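Here's a quick tour for anyone meeting this structure for the first time. Have a look at the model below, then read on.

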Amino acid sequence: MRGRHVDQTSTYKRGTSREHVSAYDRDESPGRFLNGKDFGNPSWKRSFPHMLVATISSFLFGYHLGVVNETLESISMDLGFSGSTLAEGLVVSTCLGAAFVGSLFSGWITDGVGRRRAFQLCALPMVIGASLSATTRDLWGMLLGRLLVGIGMGIGPPVTALYVAEISPASVRGTFGSSTQIATCLGLMAALFIGLPSKEIVGWWRVCFWVSAIPGAMLAFFMEFCAESPHWLFKRGRSAEAEIEFERLLGGAHVKSAMSELTKSDRGDESDTVKFSELLYGRNFKVVFIGSALFALQQLSGINAVFYFSSTVFKSFGVPSDLANICVGIANLLGSVMAMILMDKLGRKVLLLWSFSGMVVSMGLQAIAASSFATGSGALYLSVGGMLLFVLTFALGAGPVPGLLLSEILPGRIRAKAMAVCMAVHWVINFFVGLFFLPLLEHIGAQVLYTIFGTFCFIAVIFVRKNVVETKGKTLQEIEVALIPSE
């Protein structure tokens, strides 16, 4: 029962938006005051269920990232490619390559059909792909399933970041944004625990893929009852519907102020077409560059290399890989919970600075552990402690903040498409770090490689200090007006 005026949708043309803009511009009194009463910040309880449904996408993202970690060996044996490192690599990399393609098109999909439908289009290939992987009898069926899942994984993160930012009250937007990182951690840990019996039970890996189809179907179903982004509706010239959704998300007392804020930056009568060149130069270049650089530095910090290599490090000291993965998962989840608590108290910039600084120290500890200065138990404590500290500090800021910050600083007109470009940068750097990590480790050694990663973390500290602005407690429109120069 979404309360949408379907029969009137065709009447909400650009002219209607102009009329609403004029109406709100003429009345400059803040909408949070009604009959002289200050209603304060909107309640988080109204938008919370909508945010919760959106985070299912993040859970799926984490689950599919981790589902082959414990099951790859049994998959290769059952499907007849055991011992082929090329085939095993394809099972992993096909998903990542498809995610890059999905992320490239996510912006156009999100702007074209809306945030809710984009979630459903994200869930569809993930459900079909997981089902194909669960039922396949050969390698090609597995690769096709992973390809479809990867496309959904590429669409999901930017859509989730946009939707959560656009439906959340400014006072809790950081907390809500951080919840997506927690959902990703829970997905990774769910894949780990569900996959544990795969080495003992023949064919259990098929159950692991079937399980992922359940949250995918839930995402598609429950999103049908969630609010559409008022920002997207207003940009499409459907102001009356935007008001209805604001009332669902914020409460009737805050509709007026929300619409007034929306008209400050988005006039509701702009062209729907955003040229790719607009993202690369002109008034939008700075924010797109900041977003792309943050995602690049996030990946160049070595986080995925640490995830990939953690089991090997723990094994070298006699720690079972299952226990290693559990320890890394707990550190990741703990850091994400801390980020959610602190995001709207300390702010995005502070958490980024703390996070990257802690990662510099962590990489330093691991570099020392890999040197001749540390031996025996000292090397064990430095290496394992440094690795867990690195994951913890990453989850505190460098993990959740870039996606949240981008959805805040990117102007509404280009937000979805610019987010797609920045996420594509993320996937490209992710791919090359994964491709070159092991060869570099073999040729230059762990000490030099950890030093390189630590250097990138230090560069990130300098970059954040000089270029990132604080967005805590500000509406998306206030941020846009402050950051983007007038034409």
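Is the crossing in which H5 passes H6 left-handed or right-handed? It's left-handed. Keep in mind that this is a predicted model.

Let's stay with that pair. Helix H5 covers residues 115–135 and helix H6 covers residues 139–167. Their axes come within 7 Å and cross at roughly 155°. Angles over 145 degrees count as roughly antiparallel, so H5 is roughly antiparallel to H6. As for what sits in the contact of H5 with H6, by class there are 17 nonpolar, 7 polar and 3 charged residues.

Ala191 is found in helix H7, which spans residues 173–195. Ala191 is buried, with a relative accessible area of 3%; buried means under 20%, so that value qualifies. Setting aside neighbours within four places in sequence, Ala191 is in contact with Tyr63, Gly66 and Val67.

Over in helix H16 (residues 376–398) you'll find Leu382. Leu382 is partly exposed, and its relative accessible area is 25%.

| Pair | Apart in sequence | C-alpha to C-alpha |
|---|---|---|
| Ala191 and Asn69 | 122 residues | 8.4 Å |
| Leu382 and Ile368 | 14 residues | 7.5 Å |

Note on methods:
Residues are numbered from 1 along each chain as its sequence is written. This is a predicted model: local features need pLDDT of at least 70, side-chain atom pairs count only at pLDDT 80 or more; totals for chains, interfaces and linings use all residues. Side-chain values use heavy atoms; hydrogens and water are left out. Helices (H or I, at least four residues) and strands (E, at least two) are DSSP runs, numbered from the N terminus. Buried means under 20% relative accessible area, exposed over 50%, partly exposed in between (1.4 Å probe, protein chains only). Contact means heavy atoms within 4.5 Å. Axes are lines fitted to C-alpha atoms, for helices over the stretch in contact, and angles run from 0 to 180 degrees between N-to-C directions. Angles under 35 degrees count as roughly parallel, over 145 as roughly antiparallel, 65 to 115 as roughly perpendicular and the rest as oblique. A crossing is left-handed if the near helix is turned anticlockwise from the far one by less than a right angle, and right-handed if clockwise. Ala, Val, Leu, Ile, Met, Phe, Trp, Tyr, Cys and Pro count as nonpolar, Asp, Glu, Lys and Arg as charged, and the others, Gly among them, as polar.
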